Amino acid sequence: MGTPEFPNLGKHCSVGDCNQIDFLPFTCDRCDHVFCLDHRSYTSHQCPNANMKDVTVLICPLCAKGVRLNPSEDPNITWDTHVNTDCDPSNYQKVMKKKKCPVPGCRETLTFSNTIRCKDCTREHCLKHRFGPDHKCPGPRKVDSGFPFVSMLRRSQKAETRSNSSNNNGSSWWSSSLVNAATNFKSSAEAGMQKLSTVTSQAFQKAKDGIAPNSSSSSGDLVEQCVHCPARFSTVGALIEHVEKSHQINSQPSHGRVTIDVCPKCSKAFRDPVLLVEHVEKEHGGTSRV
């Protein structure tokens, strides 16, 4: 067997009836024996360890989980171990219940390739109902009406609509709208800054005294407390309205903050919005368009 140059070339087949010399033998990865070309498969040489590396998985009908069978263990023992330790029947609905399109009458199952999420209602639909009119999309979420500047903006838009429909005395409407908007914005800003400064000073004082900010318990939904009296309110807007009505005498005007309004046509600055309106009516003919 072999040659002088290659003395270890070739091996005999491990099958007793064959014992053939093969110069390119095959080594079985299960029993580690050497075989020739004709007996290299598991069935041809009847390998006793042919099923040692098999991967057989059974799907549990109770929890829909995969149970891997151990070749060296009885399948009944493997099944009993899974049922007693790892089986969870509640998982069956999560795995087997497939997500479908929420449009009434549509039975399309949503998968990875046919699922579209609507940007407005953030719900998943099939490709057939991916557009808003197809699934009756309610549209994007509305802005919270509790924000103080939204109501002012809506009042300005309503006043502008009424003015455009009437088309009477445009310059006087523009001046009155500008004065009202500037006055409302200034009062809201001053009230908000005053409350912010008060809350900030209280927080610093509590931190200095070693009192936790969340130590005071709130009753129900009344989370906003007045700094001048024990009254509580559910929103910041209600608290500001209470302070302006009940404690306007005790409030001190803030020093050092100056609001400057600029003319949109000539960029001239004014401290009082009324002066800005008079300037626009006198110098620019009652219009602020450049």
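Asn19 is partly exposed, because its relative accessible area of 44% falls between the 20% and 50% limits. In this predicted model, Asn19 sits in the loop between strand E1 (11-12) and E2. Its phi is near 50°, a positive value in a residue other than glycine.

Gln46 also has a phi near 50°, and it too is not a glycine. Gln46 belongs to the loop between strand E4 (34-35) and strand E5 (56-59). It counts as exposed, because its relative accessibility of 67% is over 50%.

**The hairpin**

E5 runs antiparallel to strand E6 (residues 66-69), and four bridges join them. Leu58 stands opposite Val67 in E6. Six residues lie between E5 and E6 in this hairpin. In the turn, Ala64 has a positive phi of about 65°.

**Salt bridges**

The count of salt bridges comes to four. Three of them are listed here, including two at Glu124.

| Pair | Closest N to O distance |
|---|---|
| Glu124 and Arg117 | 2.7 Å |

The pair of Glu124 and Lys99 links distant parts of the chain, 25 residues apart. Glu124 is in strand E8 (residues 124-125). Lys99 is in the loop between helix H2 (91-96) and strand E7 (116-117). Together, Lys99, Arg117 and Glu124 are linked in a network of salt bridges.

Arg117 is exposed, with a relative accessible area of 51%. In the other pair, Asp29 counts as partly exposed at 43%. Arg30 counts as buried, because its 17% relative accessibility is under 20%.

**Nonpolar surface and rings**

A nonpolar patch lies on the surface, formed by Phe6, Leu9, Ile21, Phe23 and Leu24. Together these residues have about 510 Å² of accessible area. Leu24 is placed in the loop between strand E2 (21-22) and strand E3 (26-27). Leu24 is exposed, because its relative accessible area of 67% is over 50%.

How many aromatic pairs does the structure hold? The number is zero. One ring does have a charged neighbour over its face: Arg40 lies over Phe26, at 5.8 Å from the ring centre.

Terms used
Residues numbered from 1 in each chain as written. Predicted model: local features only at pLDDT ≥ 70, side-chain atom pairs only at ≥ 80, totals over all residues. Heavy atoms only, no water. Patch = residues over 30% accessible without salt bridge, like charges linked within 9 Å, V, L, I, M, F, W, Y side chains within 5 Å. Areas by Shrake-Rupley, 256 points an atom, 1.4 Å probe, with all protein chains shown as cover. Salt bridge = Lys/Arg side-chain N within 4 Å of Asp/Glu carboxyl O. Helix = DSSP H or I, 4+ residues; strand = E, 2+ residues; numbered from the N terminus. Buried < 20%, exposed > 50% of the residue type's maximum accessible area, 1.4 Å probe, protein only. Phe/Tyr/Trp six-rings, centres within 6.5 Å; stacked < 30°, edge-to-face > 60°. Lys NZ or Arg CZ within 6 Å of the ring centre and 35° of its normal. Pairing = 2+ DSSP bridges.
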